Amino acid sequence: MARTPDRLAYINGLRDLADFLDTNPDIPTPEGTLSAYYYPRGTDEEIRAQVDHVARLLGADADAYELAQGHYSAGITFGMAEYKAVGLLASSRARWAARRSYEDSIVLDPDPTDPAPDA
């Protein structure tokens with residue numbers, strides 16, 4: 001794969017973050033996993049092909065659990081960090097769009113403890 005300026009900037013940013021945290025031990029690190037996601041686009045077939053390609057490069061298999069959710073993915077972990085190719089299949093995108101279609105129909109009560117409520 002070609003090393004594009006964006007790719008190099010991404011990699012350099014990760015290295016800079018790691019170096020920064022390493023040289024500033026008093027700064028807390030987040031809980032959980034640091035995740036880097038690649039989201040291929042296209043038809044379901046194109047998405048699956050792109051994830052399959054990444055999976056081969058990683059020596060990984062597609063995640064069966066996520067497939068049940070409409071996400072076709074494969075990944076690799078490095079301690080507390082992970083890289084994942086995640087294909088959002090048409091069925092998953094349709095469910096998300098259906099859920100979002102009700103967004104303007106719901107009005108939440110204001111939170112009395114919020115010092116800066118939404119305007």
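Is T23 buried or exposed? T23 is exposed, with a relative accessible area of 57% (buried is under 20%, exposed over 50% and partly exposed in between, with a 1.4 Å probe and protein chains only).

## Basis

This is a predicted model, in which local features need pLDDT of at least 70 and side-chain atom pairs count only at pLDDT 80 or more, while totals for chains, interfaces and linings use all residues. Residues are numbered from 1 along each chain as its sequence is written, and side-chain values use heavy atoms, without hydrogens and water.

## Helix α1

Helix α1 covers residues 5-23 (helices are DSSP runs of H or I, at least four residues, numbered from the N terminus). T23 belongs to this helix. Between T23 and D109 there are 86 residues in sequence and 45 Å in space, C-alpha to C-alpha.

L14 is also in α1. L14 is partly exposed, at a relative accessible area of 39%.

## Nonpolar patch

A nonpolar surface patch consists of Y10, L14, L17, F20, I27 and L34, together about 540 Å² of accessible area. Patch residues have over 30% relative accessible area and no salt bridge, and nonpolar side chains are joined within 5 Å. Helix α1 gives the most to the patch, with four residues.

## Second largest pocket

The second largest pocket holds about 260 Å³ of space. Its lining includes L14, L17, L34 and M80, and α1 supplies the largest share, four residues. By type, the lining has eight nonpolar residues, three polar and one charged. Lining residues have an atom within 4 Å of a pocket point; a pocket is an open set of points on a 1 Å grid, with protein on both sides within 12 Å along at least five of seven lines, for a 1.4 Å probe.

Note on methods
Patch = residues over 30% accessible without salt bridge, like charges linked within 9 Å, V, L, I, M, F, W, Y side chains within 5 Å. Areas by Shrake-Rupley, 256 points an atom, 1.4 Å probe, with all protein chains shown as cover. Salt bridge = Lys/Arg side-chain N within 4 Å of Asp/Glu carboxyl O. Helix = DSSP H or I, 4+ residues; strand = E, 2+ residues; numbered from the N terminus. Points joined across faces, edges and corners; volume = space filled by probe spheres on them. Nonpolar A, V, L, I, M, F, W, Y, C, P; charged D, E, K, R; others polar.
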